[in-house]
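Subject: Structure for your review

Dear colleague,

Please find below the structure that I am handing over to you.

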Amino acid sequence: MGKNEMKIFSCNSNRTLAEDIARRLGMNLASSEVTKFKDEEIAVRLNESVRGVDVFIVQSTCKPANNNLMELILMVDAAKRASASSITAVMPYFGYARQDRKVEPRVPISAKVVANLIQASGISRLLTMDLHADQIQGFFDVPVDNLFASPLVIDYIKSMNITDMTIVSPDSGGVDRARFIAKRLDAGLAIIDKRRPKANVCEVMNVIGEVSGRNCVMIDDIVDTGGSISGGAKALKEFGAKDVYCIATHPVLSGNAFDNLGKAGFREIIFSDTIPVDESKKLDNMTILPTAPLFAEAIKRIFNGESVSSLFI
Ligand code: R5P
């Protein structure tokens, strides 16, 4: 890469972020059309040549996940058949990642199936952020750069000047992320002992660590129905926490999420823009952190054949 021209295309899931990334690279999005036929089949066309070009396609596979996935793989195929030199799928949010292993007999490993589909469509590389499970990188045989939102999160928390702060992981799976951030901020660490009896239902069993009289910042990768984070906030209050904050990279926000978050009594709710949040539903205490600076820098380095590892702090 690097000797060619670079073009950034966007599918439909998060055009605002794609435009922000392109702007930060001093470019406009390349022209394409992603529409639907009358029977809902997706129709994709690249409106400019990509012959010999390093192509970057921005698409989060958030709701509607299946449509968004299909848009992405069709656009990758279009770029491949139009002789692109390389194709990087830029997936700020990688959907299906929570189905990353067989949790019971006779179920698929859906994240692997999705990885197969994306790879078979013809990508040369995947650039994503806060993959729910690191091992999904191994589901691909092409390079995967998994950026962390933590630099953005750490800078934002610093700007809030929170005293007596404890970083809280809402479940055991998020402990590494919470510990890393707590260490950077010289804050305490607590863990919520969560049980998930079935999909989209969670029960808080216990809080491990000192939270009484502390300002608690809960950090998760995903807020979906808001059940985990709201249940966690309730438990923290019961254990004597002062203010409780919610920070998550991917605002999936399905089902009763807005209602759950609104009722949970968070001092502030902070998401990134890997998935767009419906403006009309946005709560007054919600802040959205832009991820375009990180994606733009990573794309620039990938294009120039430079190391991106210093972005993984
Ligand atoms: C689970 O392991 C994830 O990290 C999130 O905690 C989970 O997906 C959030 O889902 P919900 O908001 O529906 O509880």
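**Surroundings of the ligand**

The ligand is surrounded by 15 residues, and the closest of them are D220, D221, T225, G226 and S228. Please bear in mind throughout that this is a predicted model.

For D221 the distance is 2.6 Å, for R98 it is 2.9 Å, and for D171 it is 3.5 Å. On its own the ligand would expose 380 Å², of which the protein buries 91%.

As to where the shell comes from, two or more residues each are given by β9 (188–198), β11 (215–223) and α6 (227–238). Strand β11 supplies the largest share, with four residues. Sorted by class, the shell consists of seven charged, six polar and two nonpolar residues.

**The aromatic pair**

The count of aromatic pairs comes to one. The partners are F94 and F140, whose ring centres are 6.1 Å apart; their planes meet at 75°, and the pair is therefore edge-to-face, the class for angles over 60 degrees. F94 belongs to the loop between β5 (86–91) and α3 (110–121), while F140 belongs to the loop between β6 (125–129) and β7 (144–147), so the pair ties together parts that are 46 residues apart in sequence. Both F94 and F140 are buried.

**The position of T274**

T274 is located in the loop that runs between β13 (268–272) and β14 (286–289). Is this residue buried or exposed? Its relative accessible area is 0%, and T274 is therefore buried, the limit for that class being under 20%.

Leaving aside residues up to four places away in sequence, T274 touches N14, L17, S60, P92, Y93, M129, T249, H250, P251 and T291. With one of these, T249, there is also a polar contact: the side chain of T274 reaches the backbone oxygen of T249 at 3.4 Å. As a further distance for orientation, the C-alpha atoms of T274 and P197 are separated by 28 Å, the two residues being 77 apart along the chain.

With kind regards

Key. Residues numbered from 1 in each chain as written. Predicted model: local features only at pLDDT ≥ 70, side-chain atom pairs only at ≥ 80, totals over all residues. Heavy atoms only, no water. Buried < 20%, exposed > 50% of the residue type's maximum accessible area, 1.4 Å probe, protein only. Contact = heavy atoms within 4.5 Å. Polar contact = N/O pair within 3.5 Å; in protein donor to acceptor, adjacent residues only side chain to side chain. Near = heavy atom within 4 Å. Areas by Shrake-Rupley, 256 points an atom, 1.4 Å probe, with all protein chains shown as cover. Nonpolar A, V, L, I, M, F, W, Y, C, P; charged D, E, K, R; others polar. Phe/Tyr/Trp six-rings, centres within 6.5 Å; stacked < 30°, edge-to-face > 60°.
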